[in-house]
Amino acid sequence: MGPIRICASVACADYLHLGRDLTALEAAGTDYLHIDIMDGAFVPNLALNLDIMQAVRRGCELPMDVHLMVERPETYIERVAQAGAEVIIVHAEATHHLQRLLAQIRAVGCRPGVALNPHTPLQMLDYVLEDLEIVLIMTVNPGFQGQRLIPQTLGKIAACRQMLDATGRDIGLMVDGNVSLANAPAMAHAGADWLVGGTSSIFAPGLKVNEGVQRLRAAAMAGLSQAK
């Protein structure tokens, strides 16, 4: 398990003041900008696109991890890399050739990751663990902000942490979905070390962005200390 990394979900930022939010995220020590790309088919919603990614890259130096919630993800890889992604995460459910897709991500110079929906078993990873660097456990069904945590996913995080540790490799474990200030300690305690903060933490109503980042990191560190 690596150090805690705080990833800010750009889809939850204030689009009218995106430059201001990016500056605040950078100043607060955010580790990654989390870019959700949706196609309206794999999930019933649309989110960010390559044009927004390119604008974000021009306005901010923070590294970007890109979560592709799309059908035919292989058609996005090269363009997403060119738009500035450091990490590209694809859904195991979205492709018939996962190992080939992870190799494609690595070939364009990005770190490959795999996302699993709440109902998808960890066994989907059995034969690709050597090909990935990050696993993303969805703790809500993907596509919409503001959903409640699916409680069973906490056990899934813990089981995934055990699976990753058994490889002897430093594979990151990301969680996305209601990563709130209340839920973050339990997520970190279960073994998550990449936390995607959105409307329930970093961009929560009544919180300044820098305060949201700091409080989310503190909450995760509190849970991590309980795990030791």
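Strand 2 (residues 32-38) and strand 3 run parallel and are joined by six bridges, where two strands count as paired if DSSP finds at least two bridges between them, and where helices (H or I, at least four residues) and strands (E, at least two) are DSSP runs numbered from the N terminus. The model is a predicted one, in which local features need pLDDT of at least 70 and side-chain atom pairs count only at pLDDT 80 or more, while totals for chains, interfaces and linings use all residues. Residues are numbered from 1 along each chain as its sequence is written, and side-chain values use heavy atoms, with hydrogens and water left out.

The chain goes from strand 3 to strand 4 by way of helix 3 (residues 77-82), in a β-α-β crossover that is right-handed.

How many of the six residues of strand 3 are buried? Six of the six in this strand (residues 64-69) are buried, a term for under 20% relative accessible area, with exposed meaning over 50% and partly exposed in between (1.4 Å probe, protein chains only). In a regular strand the side chains alternate between the two faces of the sheet. In strand 3 both faces are covered, with Met64, Val66 and Leu68 on one side and Asp65, His67 and Met69 on the other.

Helix 1 (residues 18-27) has as its buried residues Leu18, Asp21, Leu22 and Leu25. They lie on the same side of helix 1 because they cover an arc of only 100° around the axis, taken from the directions from the helix axis to the C-beta atoms. Thr23 and Ala27, both exposed, are carried by the face turned away from that buried side. After helix 1 comes Gly29, whose phi is positive, near 85°.

Lastly, the largest pocket is lined by 27 residues, of which Cys12, Phe144, Gln145, Gly146 and Asp176 lie nearest its centre. Strand 2 and strand 8 (194-197) are the elements that give two or more residues to this lining.

Technical notes: Right-handed = clockwise from strand over helix to strand, strands pointing away. 1 Å grid on protein atoms, 1.4 Å probe; cavity = no way out; pocket = protein on both sides within 12 Å on 5 of 7 lines; lining within 4 Å.
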